[in-house]
Amino acid sequence: MTVDNEFNNKLDEISSSHTDSNDRKNSPLARMQQDIDVVKRIKKNLLNSGEIYQDIQLQFEKKTALKGKDIIFLFIATALQTFRIFGINKLLEVQKAGKGNIEKTIKERWKKLADKKKLADKITYDSADTAREFHAPLKQIYEGRGVPFDATAFDTDVWGNGKPIIFKGANHRFSTVGHDPFLGLFIGTANIITNTITVYSNESVLKIGEKLDIHNIKSYHVKYDDNWKNPVISSETLTLEVVYYALVRILKDKDTEDKENGLEVFFAAFAKQFLHIATDLFTPCGIPLPTINSVLDKKFVEEFTKNISCGDVIKQGMQALFAWLINLMIKFMYKLICRCLGECENEYIELKAEKIIAISNGMASGSSVLYGAISSYFGNVNALKDADIGGFIVAIREIYKSGELQAKLKEEFIEKELCEQILCFNE
């Protein structure tokens with residue numbers, strides 16, 4: 001006996017038993033026959049479940065496909081992401097020290113700040129306040145060129161011909177604590193207040209292998225000429241003294257003797273330190289990642305910074321931040337327009353918005369990374385520095401989010417439709 005015959009026999013038995021039962025209970029036969037018809041339709045739907053399942057999937061794809069205004073938003077989002085990539089790369093492009101747009105802008109702002117200071121105080125800098133050991137006059141901090149830890153020449157009166165081997169030429173950035181993006185905010189600020197330079201000496205506290213090298217830290221006085229130019233490295237001092245005298249000056253109150261406020265000295269020196277690091281970030285030499293100078297060999301840090309510098313990390317962070325902000329704006333505008341047009345299926349509006357963001361991010365950032373990788377392979381070693389790696393990370397996250405949401409909604413849609421079409425729950 002076949003399965004169909006068995007099923008039909010069972011239906012006949014159910015029909016017969018229901019008829020007898022309802023006859024006994026005086027129930028209408030029409031209701032019993034309706035129940036039997038439902039069972040028969042369920043049987044038919046089960047036999048055709050494969051086709052029904054495919055039809056339901058097609059329904060979902062049509063329901064969530066991008067069309068009309070969705071395509072317009074997709075093009076707008078892709079264009080904005082592409083503009084963002086080129087805009088940030090142009091704004092933060094590497095330029096020679098002293099010639100970069102960022103450096104010029106920062107120096108102009110600092111000069112205006114110094115001019116405002118003179119105007120506000122009616123040029124009340126203390127004329128008797130001159131440079132001396134552990135003391136940079138407030139006027140020098142505002143108006144003097146550069147910072148003391150940029151000094152590379154040595155005071156011949158102190159060192160003669162036997163100058164200490166601290167650094168060589170341009171690599172002073174990898175030897176001075178003031179050029180560390182994190183430690184420099186403290187030590188570099190103290191150096192500016194005290195006219196000193198603090199360096200990682202060639203004496204190792206602990207060295208393991210060729211790359212791990214924890215350096216001893218030394219400090220030196222820096223002397224200037226009468227115009228606060230031509231700095232030279234003078235006699236050695238203790239780093240603890242540099243920090244001590246900086247703190248003493250910062251924490252003292254304003255008095256009539258020297259006419260300066262400790263907090264003003266601190267904020268002026270801190271701002272100068274911060275802006276100095278900012279001007280060095282996007283130069284060919286670059287600025288190393290925070291604190292790595294203190295634990296790694298200086299030559300290794302210099303080579304490493306050529307490939308990954310603090311400026312590179314900041315640029316990719318900005319790419320990721322602005323990619324995320326553009327995504328928020330696109331999603332908000334898309335949902336707003338959908339609601340204005342009377343579209344009420346919120347879950348599908350959310351999915352379409354996520355798809356628009358994922359596709360636009362993938363197209364813009366993916367093409368940038370692909371171009372950078374190909375250019376780098378064919379010899380342009382700096383191409384990957386301009387690749388949108390930060391945006392690409394955001395794109396991967398958005399693609400994953402979109403895929404997760406689509407899988408969830410698809411499962412719910414298929415389950416609902418199967419219940420209605422196969423199990424006849426809508427009957």
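Ile-187, Ala-190, Asn-191, Ile-193 and Thr-194 of helix 8 are in contact (heavy atoms within 4.5 Å) with Val-242, Val-243, Tyr-245, Ala-246, Arg-249 and Ile-250 of helix 9. By class, the residues of this contact comprise 8 nonpolar, 2 polar and 1 charged; Ala, Val, Leu, Ile, Met, Phe, Trp, Tyr, Cys and Pro count as nonpolar, Asp, Glu, Lys and Arg as charged, and the others, Gly among them, as polar. The model is predicted: local features need pLDDT of at least 70 and side-chain atom pairs count only at pLDDT 80 or more, while totals for chains, interfaces and linings use all residues. Residues are numbered from 1 along each chain as its sequence is written, and side-chain values use heavy atoms, with hydrogens and water left out.

The axes of helix 8 (residues 184–194) and helix 9 (residues 239–251) come within 9 Å and cross at roughly 75 degrees. Helix 8 is therefore roughly perpendicular to helix 9, a term for angles of 65 to 115 degrees. Axes are lines fitted to C-alpha atoms, for helices over the stretch in contact, with angles from 0 to 180 degrees between N-to-C directions. Helices (H or I, at least four residues) and strands (E, at least two) are DSSP runs, numbered from the N terminus.

Helix 8 is largely enclosed by the rest of the structure, because 9 of its 11 residues are buried, that is, under 20% relative accessible area (1.4 Å probe, protein chains only). Among them are Gly-184, Gly-188 and Ile-192. Just after helix 8, Asn-195 has a positive phi of about 50 degrees.

Both Ile-192 and Asn-195 line the second largest cavity, as do Tyr-224, Trp-228 and Lys-272, among others. The whole structure holds 2 cavities of 30 Å³ or more. On a 1 Å grid over the protein atoms alone, a cavity is a set of points where a 1.4 Å probe fits but cannot get out, and a pocket is an open set with protein on both sides within 12 Å along at least five of seven lines; lining residues have an atom within 4 Å of a point. Grid points are joined across faces, edges and corners, and a volume is the space filled by probe spheres set on the points.

| Space | Volume | Lining residues by class |
|---|---|---|
| Second largest cavity | about 70 Å³ | 6 nonpolar, 4 polar, 2 charged |
| Second largest pocket | about 600 Å³ | 12 nonpolar, 12 polar, 7 charged |

Of the 31 residues lining the second largest pocket, Lys-315, Asn-382, Ala-383, Lys-385 and Asp-386 are the closest to its centre.

How values were computed: Angles under 35 degrees count as roughly parallel, over 145 as roughly antiparallel, 65 to 115 as roughly perpendicular and the rest as oblique. Buried means under 20% relative accessible area, exposed over 50%, partly exposed in between (1.4 Å probe, protein chains only).
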